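The following exercises are to be worked with the sequence and the structure in view. Each task is followed by a stepwise solution.

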Amino acid sequence: AIASASAMDAGGGIPRIVSEQGRHELLVDGKPFLLLGAQVNNSSNWPAMLDQVWPAIEKIQANTVAVPIAWEQIEPTEGQFDFSFLDTLLAQARQHRVHLVLLWFGTWKNTGPSYAPSWVKLDNRRFPRVQTRDGKLLDSLSPLAGATLDADRTAFVQFMTHLRQVDGARHTTILVQVENESGSYGTDRDYSSAANAQFAAQVPAVLLQASGKQGGSWSQVFGNDAAEYFEAWSIAHFIGQVAAAGKAVYPVPMYVNSALRDPLHPGPAGSYPSGGPSDNVMFIWKAAAPALDLLAPDIYHSDDAYYTAVLDRYSKSDNPLMVAETGNGQPYARYIFAALGRQAIGFMPFGIDYTGDNNWPLGACKVDADALEPFAMNYRLLQPLGGLIADLSYAGKVWGASEPDHVHRQTLDLGAWQATVSYGLPQFGSGTPPPGNTPPKGGVLIAQLGKDEYLVTGYFARVEFAPGKGGEHRHFMMERVEEGTYDSQGQWHFLRRWNGDQTDYGVNFSDRPQVLHVKLATY
Ligand code: N0T
């Protein structure tokens, strides 16, 4: 007998992102889900490579793996589709009990069409490229070419149709990324004659409304920003239509990723991919591409000021934060705590497999078990707490801190209480200023469980509590500190109480995956 679709259904409906009061949550099979992910290298999207993927995924203990699905791979000849890799990938992901994020490498892959089939990327007449101001051809397809949109959208719809058929009842796939790092390097916009004509025309009403501007041409409305805003609108409109057509078939959450502009010292558009979802044009993407659930950063600078500024820019009431890519080197691992403290629904280091490929200096120069251990530690600690953290985050009750490069003490304002986080101190004794860890690697996560009661966890850090604003005059104590574990049902199991040397100098986290319930009080 053939199992009916409903008998196979994992329940809870298609994965989705819900938002309320400017906060967000990812639901998988109806349950809150914290995406602890890993993205494979670009060329690991072939069946023969998967044997070198799974050991790395097991090592890092990711619950989700992001893998490219390339246009050239599914439609090598126009109109003829081949989903054999997707089928193999789904079967193996299920065997390994992980979810998938599928990355649609189509018109844009790091701004270029390298993943488009030859019949696309060799036919510049049918699928024109972006032109610079002085007529130079860039290796980036124009977002204004209707033929390109049609071809990409057709392929994407075939992909989503197949995905619904093979995964619609199982929900192994929880997110789809539409294109990869769109935009163009080396120009602020397309200067082809088609583009120039549209640039001289009126700014679309939806965008005027979103930006609170009076009508006019792009230059009239947006002045010096006009070229970049026009390009962002054009690309977002293209990708938004691809996403919408895919969602009409199978509405899993969809997102785009950004090759960032420096949040603190942005150069001119074109030094970063102009028109991509950089932080300054997020409002344009929101208006032009409502089918996208979120815009996500790819963070390859480990400097803490840069990293946390990016997290702030992409964590918004209208944009759930998800770190779509980050370096797989040691300095990046700790930032999962800062990301979760800013309501992240997911975190994915890039280049996680044992193919021998690496992207040094963006990530580790050798991707092996030792390199992955800092990420594995985090996932080991956080995986059992995932659903709880996702839920408490949705209620606005999660705080996080990652060790900065040169500052060794931070405070977190929890409202009624404040937490001071120090790095590099021994477990025992007080009075010395924290020297920081060498290299920086500390992180702390705090979640409110009830009145005066908090879940506290982390690595390589000391946490000390005190009354919050207005309560400074009161005598403080930790009434009770329990260490325990969460089982797969989210049930808390008491292990022991911490007291004496283990609480006299705050609570001190080492390299052990320890989870505390801390009850705070005054007398
Ligand atoms: C990323 C990845 C992959 C510090 C790089 C980052 C991935 C793509 N691109 O390994 O190619 O598919 O999304 C671009 C970073 C630019 C340089 C940052 C300077």
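**Exercise 1.** Identify the residue of strand 2 that stands opposite Arg 16, and place the strands in their sheet.

*Solution.* Step 1: Arg 16 faces Leu 27 of strand 2. The model is predicted: local features need pLDDT of at least 70 and side-chain atom pairs pLDDT 80 or more, whereas totals for chains, interfaces and linings use all residues. Residues are numbered from 1 along each chain as its sequence is written, and side-chain values use heavy atoms, without hydrogens and water.

Step 2: Strand 1 and strand 2 (residues 23-28) are antiparallel and share five bridges; pairing requires at least two DSSP bridges. Strands are DSSP runs of E, at least two residues long, and helices are runs of H or I of at least four, both numbered from the N terminus.

Step 3: The open sheet has three strands in the order 1-2-3. Strand 1 (16-20) and strand 3 (31-32) are its edges, each pairing on one side only.

**Exercise 2.** Which residues touch the most other members of the largest nonpolar core?

*Solution.* Step 1: A nonpolar core joins buried (under 20% relative accessible area, 1.4 Å probe, protein chains only) Ala, Val, Leu, Ile, Met, Phe, Trp, Tyr and Cys residues through side-chain atoms within 4.5 Å.

Step 2: Among the 116 residues of this core, they are Phe 159, Met 160, Trp 218, Trp 285 and Leu 292.

Step 3: Helix 10 (residues 226-249) supplies the largest share, 12 residues.

Key. Buried means under 20% relative accessible area, exposed over 50%, partly exposed in between (1.4 Å probe, protein chains only).
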